[in-house]
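Good morning, and thank you for the time on today's agenda. Please look at the structure first.

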Amino acid sequence: MQRHQANVLSNKQVSNRYWHMVVDISELNIDVDPGQFFQVRCADTYFPFLRRPLSVYRINEDTIEFLYLVKGQGTSAMTKIQAGQSLDMMGPVGEGFSLDPSAGNILLVARGVGVATLAAVAQAACRQQVKCYAIMSARSRDDLLAIEFLEDYGAEVFIVTEEEGTSDVENVKRIIKEDICATTVIDAIYTCGSRRLSKLSQSIANELHIPGEIALEEHMGCGMGACFSCVCDIREGDTTKSVRVCTEGPVFPLHKVVME
Amino acid sequence: MQRHQANVLSNKQVSNRYWHMVVDISELNIDVDPGQFFQVRCADTYFPFLRRPLSVYRINEDTIEFLYLVKGQGTSAMTKIQAGQSLDMMGPVGEGFSLDPSAGNILLVARGVGVATLAAVAQAACRQQVKCYAIMSARSRDDLLAIEFLEDYGAEVFIVTEEEGTSDVENVKRIIKEDICATTVIDAIYTCGSRRLSKLSQSIANELHIPGEIALEEHMGCGMGACFSCVCDIREGDTTKSVRVCTEGPVFPLHKVVME
Amino acid sequence: MTSRKNMQVIIGGLTLNNPIMPASGAFGPEMEQALDFNRLGAIVPKSITKFPQPGNAKPRVCETNGGMINSIGIQSKGIEYFLAHTIPAFDKFQAPIIASVSAESLEEFVDVSATLANHKSIRGLELNISCPNLKGDGKAFGMDAAITRELISQVRTVTTKPIIAKLTPNVTSIQEIAVAAEKGGADGLNVANTMLAMAIDVDTRRPLIGNVMGGFSGPAVKPIIVRMIYQVAQVSSLPIIGCGGVMSGRDAIEMMIAGASAVQVGTASFINPTALTDILAEIEEYMEQNEITEIEELIGSIII
Amino acid sequence: MTSRKNMQVIIGGLTLNNPIMPASGAFGPEMEQALDFNRLGAIVPKSITKFPQPGNAKPRVCETNGGMINSIGIQSKGIEYFLAHTIPAFDKFQAPIIASVSAESLEEFVDVSATLANHKSIRGLELNISCPNLKGDGKAFGMDAAITRELISQVRTVTTKPIIAKLTPNVTSIQEIAVAAEKGGADGLNVANTMLAMAIDVDTRRPLIGNVMGGFSGPAVKPIIVRMIYQVAQVSSLPIIGCGGVMSGRDAIEMMIAGASAVQVGTASFINPTALTDILAEIEEYMEQNEITEIEELIGSIII
Ligand SMILES: Cc1cc2nc3c(=O)[nH]c(=O)nc-3n(C[C@H](O)[C@H](O)[C@H](O)COP(=O)(O)OP(=O)(O)OC[C@H]3O[C@@H](n4cnc5c(N)ncnc54)[C@H](O)[C@@H]3O)c2cc1C
Ligand SMILES: Cc1cc2nc3c(=O)[nH]c(=O)nc-3n(C[C@H](O)[C@H](O)[C@H](O)COP(=O)(O)OP(=O)(O)OC[C@H]3O[C@@H](n4cnc5c(N)ncnc54)[C@H](O)[C@@H]3O)c2cc1C
Ligand SMILES: Cc1cc2nc3c(=O)[nH]c(=O)nc-3n(C[C@H](O)[C@H](O)[C@H](O)COP(=O)(O)O)c2cc1C
Ligand SMILES: Cc1cc2nc3c(=O)[nH]c(=O)nc-3n(C[C@H](O)[C@H](O)[C@H](O)COP(=O)(O)O)c2cc1C
Ligand code: FES
Ligand code: FES
């Protein structure tokens, strides 16, 4: 949980609402896992005041990448950062995804900017020669990002959007069950970005008796496990337990998460 | 007292502690007089929060120039503004200097950044073919700015500095009396930037029965005459009267000002 | 802006064309150069005292993170000058004038209020019972519920024009003071005046304000004021004027949602001289986007 | 840094190696990854309650201009877990541990304090009588002078270890509460906890904090806290721990000049995880530049 000043190599708008940033980590001496995140200082002012949590989207030898949705003050300010400037980021924070190298096929279920978190799983899966199937859900085609990256990683991508009327839970369920699981044995499910799709993923994982993982989002204060802003409940046997998303997560076993 | 977004043509460091900014006013439709100032927003954040008053240093056809000392938060932030960006400035504010076109010779007594305010007088004097004598006082030679500009305007410049041990009031008095007034009839005195030199100017103006003007500085809230942050006392016959430096000044008749 | 919007709000019987007005002390006739006064919901001049007063030691302002501290004191030319010059300067505009009164004693409050209320151009009174710059270590009338009630009920006897009590936020329970003001007969509550604050120059070890302490305003204080507006709205049925840290239309709307019927804008004008009318335009835009035609619908519309 | 500087300060009989310590609730064992705990003046864990408590509804934090609002509530694993796990985790460091106590009744305060004070590694108690997140619309024990005095005098009977009363800034007269705490037998005063505040999302019209209101911290509040430190220093001879909005060494020095003997740093660590030790280094640098060798010289050194 160190604070770093990383050199920004590029920061570009990639669609209507999304930006993409590449930072140099070659001098930082850090190991980053898929699912971990950084607490980013979006501007050198006291408004936005707090750091913003951003997952690592892609993890390369000398660089990491962020894919971010421009939502409010923080991410808007972040778009002002130019190549050559430095990014004040703290991390890597949290527990990332686990990927069983002996898995044959895995399924990613991402909604919206959730792809920013799951892309790193596809990347790791590709390296370990695990085949990825990916459901990518978004408002519109313009909001769908990283499809090509995922395909480069050998992922088979299924696109659903509101625009096309294909993103309802029933249809996603049908795709998973009929288009994917009918012909393929899925060994693990990974999800991020939508409560509805998380519930669906949870019930499918349960039904098929396969493990799954979910990356959660909560508003954060410290991002260091100190302040208990980011808690959520997870199941521990018969009871629930309060955990901090920033340090005990953001990735949790899918079956343990209590969907609110 | 309008707010303008002026295009910054250049913003450069000109000595150890001073910066110089040129902004384009060709589209603004404003008339600026020597001694008037602008309320400058040094950065687009809430810290620095307030605007900063800066005199116009030079007034050209299409541009105005600021000469500023980097002192605290505000002026430091101002150094970050780059050519091509815009400067949020409100003004021109206040009552400037008056210059009698029939004057033969005038004397400027400036200390430190006071030259930023008096240079515009020299510029106006030159245009009206009034001859300027100028005492320029500063900590060191490095802190002495605009000497060449003043000389270009035909001013005869006398330099005094702490560094050289020449800036004490007695010596300045000697220069004015022996080096300048012994051979020249001074028709008006203008001063800015030092309480000690203002007192001296006041007493010389008094002694020689010549008019004088002084540009005052006070901490400002609104810069629009509304808040009464910037008051000072001036003499009105036998009593004193409270005036606002921002709107009733910053330039006042030298003999009226109550030196604190 | 296409659809017709009703921006009118009512404060103690006074109908305002819109809810945006200047905060006392951060507004003056000079601002006409930058601002169209006819578009203001009301005009609130600097607090006036009975006799001329010199104001406080300098420096009178300093800045802090996201705000400023002032200790102008009530520099005033006295009520005679005020009626002869200040009121006429504002009278030509469409917006009703609400005169802000400051005084050092209860009697003086009554006295000044009576004189002001007699003037036909003065449509309402705002009693500044909260100025932290008076003698006595920042204490103010508005820090005591009993004194607040007594003061307002006495002023009530000398006028039927709307009385707005400007409360101080420097209290344990603003609700208690609000209720006292209501019982005393106030027609509206201003929530609130400045927070008492202080800053020190660590190089000189001297206070940055000549008067040592001063009133803290600006965006930094807004979350405290929003909380107080919400609290007061729970216990009082009087219309509330929100005041403290409004810089944008969204800030003003936030206060209205919390329970304010109108909003005063002070410090924002120092940063942006057209803040008052810009804020009004931003509110109209928000209403347009959210298909709100009656601004009153916003008041107290918080969803808990 | 060449000359030798004495950074020691004394708080109620406890000698600290330096005046900089974390603020309760904004610090935890996990921060060891970023920070050298041995360089802290003291260690102040999150407030502890007798029994486990779940904490408040979400969202628990939101940001404002120059600050943040939190309403964590005292999420706590209870005193047993605290003594079994939290204290040992901090015990290996050189800095003395000051335990922060929170409770819902006077009896519980006494009870928890007695148990904590019995633990040899706990060197002092900070009584959080000011948490605005308890039930009852943000009310706290520390809003009432008589209750404050009674509470502290009862805790006084169960321990001779230093007792620090953490005051709330949400009061009309912090001086009055400070004097009450002193009379009750406190050894030091923390000035202060968070300001009660609120923010509303104007798009949803809902509070940005699940619990509606919360505690406001960060640089925005500093001028209010500096004022209170100064006010308390005028009426009480107890050592003061300044707390609220310290982001830099100069902020900490400002509080010391106003009258604080030590300074707590909370929110700053969220922005900069090494804020605590960076601030210490900045103080040392200031002392070097100003040729100050004894940090105690700064305390209350304001020039009026
Ligand atoms: C572990 C984790 C990883 C994330 N990874 C990504 C990513 O890779 N790409 C991406 O675009 N977004 C990601 N998010 C969401 C991202 O943090 C928010 O979109 C961002 O903080 C919004 O900030 P803002 O100032 O633009 O919006 P505002 O709405 O103005 O933010 C106001 C406050 O709310 C918080 N907030 C708002 N939305 C969220 C949210 N969804 N989660 C947590 N805090 C929030 C902000 O941090 C800030 O404190 C992630 C969130 C978490 C918790
Ligand atoms: C009418 C007028 C014209 C001026 N013209 C020039 C000029 O042309 N060039 C130049 O370098 N300086 C000029 N000054 C001084 C300049 O305004 C201050 O140096 C500047 O405000 C300092 O801001 P800062 O944030 O860098 O310093 P800080 O010390 O951090 O400022 C803190 C606060 O104090 C105020 N302040 C500090 N010093 C002064 C001062 N001398 N006068 C008024 N307010 C002050 C600031 O405005 C700010 O509000 C002028 C001042 C006035 C009143
Ligand atoms: C320079 C200045 C002078 C003020 N003078 C007065 C005053 O005379 N009477 C009064 O009731 N309030 C006075 N105030 C307080 C404002 O009316 C307002 O309550 C406060 O500034 C908070 O609002 P803001 O954050 O929008 O500025 C003054 C504020 C400032 C900044
Ligand atoms: C997330 C958070 C949790 C807090 N929890 C506690 C607490 O448990 N007990 C307490 O006495 N103060 C608590 N506080 C208040 C801080 O200790 C401190 O008084 C306040 O934040 C002001 O200091 P700062 O501006 O340096 O953060 C908390 C503050 C924050 C931001
Ligand atoms: S953000 Fe502070 S504990 Fe997770
Ligand atoms: S700065 Fe406000 S009156 Fe001069």
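I begin in chain C, where C:Ile98 has C:Gly124 of β7(C) as its bridge partner. Helices (H or I, at least four residues) and strands (E, at least two) are DSSP runs here, numbered from the N terminus. The model is a predicted one, in which local features need pLDDT of at least 70 and side-chain atom pairs count only at pLDDT 80 or more, while totals for chains, interfaces and linings use all residues. Residues are numbered from 1 along each chain as its sequence is written, chains are lettered from A and ligands numbered from 1 in the order in which they are written, and side-chain values use heavy atoms, with hydrogens and water left out.

To return to that bridge, β6(C) pairs with strand β7 (residues 122-128) of chain C in the parallel sense, over 5 bridges. Two strands are taken to pair if DSSP finds at least two bridges between them. In what order do the 7 strands of the open sheet in chain C run? The order is β3-β15-β14-β9-β8-β7-β6, with parallel pairing. At the edges stand β3 (20-22) and β6 (97-101) of chain C; each has a single partner strand, so one side of each is left without a neighbour in the sheet. From one strand to the next, the twist averages 25 degrees.

Two helices of chain C pack on this sheet. Helix α6 (residues 249-258) touches β3, β14 (240-243) and β15 (262-265) of chain C, and its direction makes about 140 degrees with that of β15(C). Helix α8 (residues 275-289) of chain C touches β3 and β15, and its direction makes about 165 degrees with that of β3(C). Contact means heavy atoms within 4.5 Å; axes are lines fitted to C-alpha atoms, for helices over the stretch in contact, and angles run from 0 to 180 degrees between N-to-C directions.

How is chain D related to chain C? A rotation of 180 degrees, with 0.0 Å of shift along its axis, superposes chain D on chain C with an RMSD of 0.0 Å. That is the relation of a two-fold axis. Of the contact residues of chain D, 100% recur in chain C, and the same surface therefore serves both copies. The superposition is by least squares on the C-alpha atoms of residues with pLDDT of at least 70 in both copies.

A second sheet lies in chain D. Its 4 strands form an open sheet in the order β4-β5-β13-β10, with antiparallel pairing. The edge strands, each pairing on one side only, are β4 (61-64) and β10 (195-197) of chain D. The twist averages 35 degrees from one strand to the next. Between β4(D) and strand β5 (residues 67-70) of chain D, which run antiparallel, there are 4 bridges, and D:Glu63 has D:Met68 as its bridge partner in β5(D). The helix packing on this sheet comes from chain C: helix α5 (residues 222-235) of chain C touches β4, β5, β10 and β13 (214-217) of chain D, and its direction makes about 65 degrees with that of β10(D).

Next, two helix pairs in chain D. Helix α6 (residues 249-258) and helix α8 (residues 275-289) of chain D pack at about 65 degrees, with their axes 8 Å apart. They are therefore roughly perpendicular to each other; angles under 35 degrees count as roughly parallel, over 145 as roughly antiparallel, 65 to 115 as roughly perpendicular and the rest as oblique. In this contact D:Gly249, D:Ala252, D:Ile253 and D:Ile257 of α6(D) meet D:Ile279, D:Glu282, D:Ile283 and D:Tyr286 of α8(D).

The axes of helix α1 (residues 78-91) and helix α2 (residues 106-117) of chain D come within 11 Å and cross at roughly 15 degrees. That makes α1(D) roughly parallel to α2(D). Here D:Ile79, D:Phe82 and D:Leu83 of α1(D) meet D:Val112, D:Thr115 and D:Leu116 of α2(D).

I close with backbone details in chain A. The peptide bond from A:Phe47 to A:Pro48 is cis, with omega near 5 degrees, and A:Pro48 lies in the loop between β3 (37-41) and β4 (52-55) of chain A. The bond from A:Gly91 to A:Pro92 is also cis, with omega near 0 degrees; A:Pro92 is found in strand β7 (residues 86-93) of chain A.
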